[in-house]
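My entries follow in the order in which I worked.

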Amino acid sequence: MDTALGAAAQGPRGANPLVGAVVIDRDGRPLVTGHHRGAGTPHAEVDAISQAAAAGVDLKGTTMLVSLEPCNHRGRTGPCAQAIIDAGIAGVVYAVDDPHDPAAGGAATLRAAGVRVRSGLGAVAALDLNRRWFDAVAAKRPFVSLHIAQTLDSRIAASDGTSQWISSPESLADNHGLRGRIDAILVGTQTVLVDNPRLTARNPDGGPADKQPLRAVMGLRGIPDGAAVNGGDGKVLHLPTREPREALDQLFDAGVRHLMVEGGSRILSAFLAAGLVDELIVYLAPTLLGAGTAALEDLGIGTLADAQHWDWDEASGGAVRMLGRDLRLHLRPAAGSGGTETSSDSTPRSDADTAAGGY
């Protein structure tokens with residue numbers, strides 16, 4: 001199970017949880033290891049089964065260990081429970097149950113087909129790995145990634161308002177890769193008025209990516225008719241609110257399950273102060289401005305004891321990476337810190353029989 005959890009961390013955070021799977025033979029020797037690589041790609045179980053098929057490995061009579069209950073629904077991929085049955089796998093051990101109603105029930109389907117099923121192994125570690133995803137599912141809101149491109153002295157623009165480009169070309173490319181797999185990207189109306197961004201996902205050659213996020217603008221002022229964010233495809237949404245949770249509710253109702261918040265500083269600060277950021281990505285450029293627009297405004301923290309604490313996140317490519325001249329920092333809220341959404345219903349218990357999970 002530790003191997004499955006390690007494999008899970010190789011995948012990207014977002015609308016789906018991180019999931020890994022290992023198949024072992026009757027003597028406990030690992031045969032194949034799989035993990036989920038993002039929305040629309042094979043789930044961890046199917047990834048492992050496909051690897052075995054490609055290598056000519058017969059899985060009949062084997063056991064699969066997976067960090068989350070195998071799904072039982074057909075979305076962009078087929079149900080993992082049925083794939084396990086079809087492969088002839090005799091036993092499944094999974095860490096935590098699936099909280100997502102459309103996907104739940106895989107364990108029951110497996111048992112009905114005669115597969116031996118156990119749950120609870122590695123539950124605490126599995127819950128911690130996807131802690132913020134569980135929170136988002138329970139709260140019925142999108143998973144929120146927050147992106148900041150800043151200088152060493154935490155500036156996102158110079159005194160004259162110029163900000164293109166603080167980040168290196170490699171950081172920009174990485175950001176566009178993230179844009180290509182999210183459901184929506186959010187900025188404030190002030191950012192639209194000052195920067196006039198397109199908010200599109202682009203390929204390395206500069207052309208538009210096949211998958212484009214919904215472009216969302218949050219604020220009481222409307223979007224100007226000539227704003228670049230309007231585009232020509234109708235994938236733009238105005239959210240007439242200054243409350244982050246209200247914006248998330250509207251986006252969730254619009255089908256958004258993974259949101260990236262890009263700015264400006266007022267919007268970034270509002271989501272952080274509300275404890276509604278699940279993943280923080282900071283592109284840190286080796287540049288000093290000394291003045292200009294600060295990345296963040298007041299978070300309402302008056303004493304060090306109330307500070308938000310964040311953990312380095314090794315998932316999604318690692319906690320710290322060099323991208324050209326920049327550092328890419330990847331973090332998630334520390335458990336119980338001021339950066340955690342406070343909702344009694346949003347934190348699953350670590351009891352294996354009551355824990356939630358799913359994709």
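**Notebook: packing, rings, backbone**

I start with the crossing of α2 and α3, which is left-handed. That label means that the near helix is turned anticlockwise from the far one by less than a right angle, while clockwise would be right-handed. I note the ground rules before going on. This is a predicted model, in which local features need pLDDT of at least 70 and side-chain atom pairs count only at pLDDT 80 or more, while totals for chains, interfaces and linings use all residues. Residues are numbered from 1 along each chain as its sequence is written, and side-chain values use heavy atoms, with hydrogens and water left out.

**Entry: α2 against α3**

I took helices (H or I, at least four residues) and strands (E, at least two) as DSSP runs, numbered from the N terminus. Two packed helices are described by the angle between their axes and the distance between the axes. I looked up both values. Helix α2 covers residues 44-55 and helix α3 covers residues 80-87; they pack at about 25 degrees, with axes 9 Å apart. The axes are lines fitted to C-alpha atoms, for helices over the stretch in contact, and the angles run from 0 to 180 degrees between N-to-C directions. The pair is therefore roughly parallel. The classes are: under 35 degrees roughly parallel, over 145 roughly antiparallel, 65 to 115 roughly perpendicular, the rest oblique.

Which residues meet? From α2 I list E45, V46 and I49; from α3 I list C80, A83, I84 and A87. By class, this contact has six nonpolar, no polar and one charged residues. Nonpolar covers Ala, Val, Leu, Ile, Met, Phe, Trp, Tyr, Cys and Pro; charged covers Asp, Glu, Lys and Arg; the others, Gly among them, are polar.

Is I49 buried or exposed? I49 is buried, at 14% relative accessibility. Buried means under 20% relative accessible area, exposed over 50%, and partly exposed in between (1.4 Å probe, protein chains only). Leaving aside neighbours within four places in sequence, I49 contacts L59, M64, A83, I84, A87 and I89. Contact means heavy atoms within 4.5 Å. I also checked I49 against I301: 252 residues apart in sequence, 49 Å apart C-alpha to C-alpha.

G56 sits in the loop between α2 and β3. G56 counts as exposed, at 65% relative accessibility. G61 is in the loop between α2 and β3 (63-66). Its C-alpha is 7.3 Å from that of R26, 35 residues away along the chain. With neighbours within four places in sequence left aside, G61 touches R26, G88 and A90.

**Entry: the aromatic pair**

A pair of aromatic rings is described by the distance of the centres and the angle of the planes. My rule pairs rings of Phe, Tyr and Trp (its six-membered ring) with centres within 6.5 Å; planes under 30 degrees apart are stacked, over 60 edge-to-face, the rest tilted. The count comes to one aromatic pair. W133 and F134 form an edge-to-face pair, with 5.5 Å between centres and 70 degrees between planes. W133 is buried at 5% relative accessibility. F134 is buried too, at 2%.

Helix α7 spans residues 169-179, and its S171, D174, N175, H176, L178 and R179 are buried. What do they pack against? I find β6 (143-150), β8 (184-188), β11 (258-263), β12 (279-284), β15 (320-323) and β16 (326-333).

R328 lies in strand β16. R328 is buried at 5%. Beyond four places in sequence, its contacts include D174, I281, Y283, S316 and R321.

Most residues other than glycine have a negative phi, and most peptide bonds are trans. I looked for departures. The bond from Q164 to W165 is cis, with omega near 0 degrees. W165 is in the loop between β7 (155-157) and α7. Another cis bond joins G263 and G264, with omega about 5 degrees. G264 is in the loop between β11 and α10 (265-273).

S154 has a positive phi, near 60 degrees. S154 lies between β6 and β7 in a loop and is partly exposed at 33%. L199 also has phi near 60 degrees. L199 is in the loop between α8 (189-195) and β9 (214-218) and is buried at 4%.
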